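Please keep the sequence and the structure at hand while reading.

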Amino acid sequence: MVGMEHRTRPVHPALRPYLHDLIGYAYPGAAPELHRGLPSRYLTLVITLDGPLGVAWPGGPLQTYDAVVGGLHSTAVHVGATPSRAGVQVSLTPAAARTLLGLPPGELASLNVGLDEVLGRPARVLTDQLREAGSWGERMDLIERLFLEHLARERAPGGVRPEVSWAWRRLCGTDGTIGVQKLAAEVGWSRRHLTDRFRSEFGLAPKVAARVLRFERATRQLRLRPQTRLGELSAAVGYADQAHLTREFQAIAGCSPRQWMSEELPNLQDCPPPGAAESEVWTSRM
């Protein structure tokens with residue numbers, strides 16, 4: 001996808017516990033026929049700028065959205081198969097589900113839902129405003145303004161046990177390499193009780209979440225260093241061997257590591273690497 005436009009900027013300080021990033025994207029020609037939306041530690045919000053976006057779980061029917069929020073999930077979702085070529089994507093932390101969307105992240109797990117089903121009329125107004133906006137800066141401002149207004153209402157998130165929140169942070173901090181038994185011991189709960197409470201909040205059991213986080217680390221390393229040998233990568237991120245890594249790719253992404261790289265990495269050549277300085281990405285904040 002040579003010439004793909006990709007814009008991002010630092011998130012407003014008040015929103016950093018909830019928004020990991022804001023990304024504007026536009027393809028100059030036809031949009032990709034298939035993009036694998038891989039699972040990660042974030043919920044994903046996409047608002048298109050030109051028309052509906054197609055989203056489907058493997059083997060499931062294609063659904064189209066002007067604005068869609070996807071919950072935490074453990075297998076790839078297929079995105080594409082529609083003419084949409086431009087939009088804004090936001091990575092949301094699980095805390096954002098309660099604080100900004102008004103519902104626990106577990107209610108969105110393994111689902112794609114129209115943003116208007118969650119936020120109602122403000123979602124439809126935002127979509128129209130983004131399409132009428134004349135710059136990426138204006139679009140980012142509109143999204144942040146909506147969420148800042150939600151924060152200003154001081155809607156109490158409630159309902160989250162501190163032990164569950166801590167377990168999530170601990171899993172993320174170790175990229176899923178901590179065992180569930182050890183995690184439960186650190187929390188002071190039985191493994192079963194932790195699993196039940198964790199799944200109720202996030203929609204994924206801690207063992208499944210750990211698997212997602214480890215896979216996320218593997219794909220992150222491949223994006224940063226595509227020439228990494230898969231055997232070396234397997235050992236570095238905690239897989240038993242290369243065969244184990246390959247099985248996880250097949251189960252989670254629906255393809256081999258090499259196939260994923262051939263499909264996905266060329267699409268990233270015009271995008272800034274993770275951690276790029278703001279001046280390397282986009283310095284306009286309008």
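Predicted model: local features only at pLDDT ≥ 70, side-chain atom pairs only at ≥ 80, totals over all residues.

## The buried side of H10

Helix H10 spans residues 242–252, and its buried residues are His244, Leu245, Glu248, Phe249 and Ile252. These residues lie on the same side of H10, because the arc they cover around the axis is only 140 degrees.

## H8 against H10

The axes of H8 and H10 come within 11 Å of each other and cross at roughly 105 degrees. An angle of 65 to 115 degrees counts as roughly perpendicular, and H8 is therefore roughly perpendicular to H10.

On the H8 side, the residues that meet H10 are Arg211, Arg214, Phe215, Ala218, Thr219 and Leu222, while H10 contributes His244, Leu245, Glu248, Phe249, Ala251 and Ile252. Sorted by class, the residues of this contact between H8 and H10 comprise seven nonpolar, two polar and three charged. The H10 residues in this contact include His244, Leu245, Glu248, Phe249 and Ile252, which are also the buried residues of that helix.

## H3 against H4

Helix H3 covers residues 121–132 and helix H4 covers residues 136–152; their axes come within 10 Å and cross at roughly 165 degrees. Since angles over 145 degrees count as roughly antiparallel, H3 is roughly antiparallel to H4. The crossing in which H3 passes H4 is right-handed.

In this pair, Pro122, Leu126, Gln129 and Leu130 of H3 meet Arg139, Leu142, Ile143 and Leu146 of H4. The contact of H3 with H4 is made up, by class, of six nonpolar residues, one polar residue and one charged residue.

## Two loop residues with positive phi

Most residues other than glycine have a negative phi. Against that background, Ser110 has a positive phi of about 60 degrees although it is not a glycine. Ser110 sits in the loop that runs between helix H1 (94–101) and strand E10 (112–114). Is Ser110 buried, exposed or partly exposed? With a relative accessibility of 36%, Ser110 counts as partly exposed.

Asp175, likewise not a glycine, has a positive phi near 50 degrees, and Asp175 is found in the loop between helix H5 (162–173) and helix H6 (180–187). Buried means a relative accessible area under 20%, and Asp175, at 15%, is therefore buried.

Conventions: Residues numbered from 1 in each chain as written. Heavy atoms only, no water. Axes fitted to C-alpha atoms, helices over the stretch in contact; angles between N-to-C directions. Helix = DSSP H or I, 4+ residues; strand = E, 2+ residues; numbered from the N terminus. Parallel < 35°, antiparallel > 145°, perpendicular 65-115°, else oblique. Left-handed = near helix turned anticlockwise from the far one by under 90°. Contact = heavy atoms within 4.5 Å. Nonpolar A, V, L, I, M, F, W, Y, C, P; charged D, E, K, R; others polar. Buried < 20%, exposed > 50% of the residue type's maximum accessible area, 1.4 Å probe, protein only. Arc of directions from axis to C-beta.
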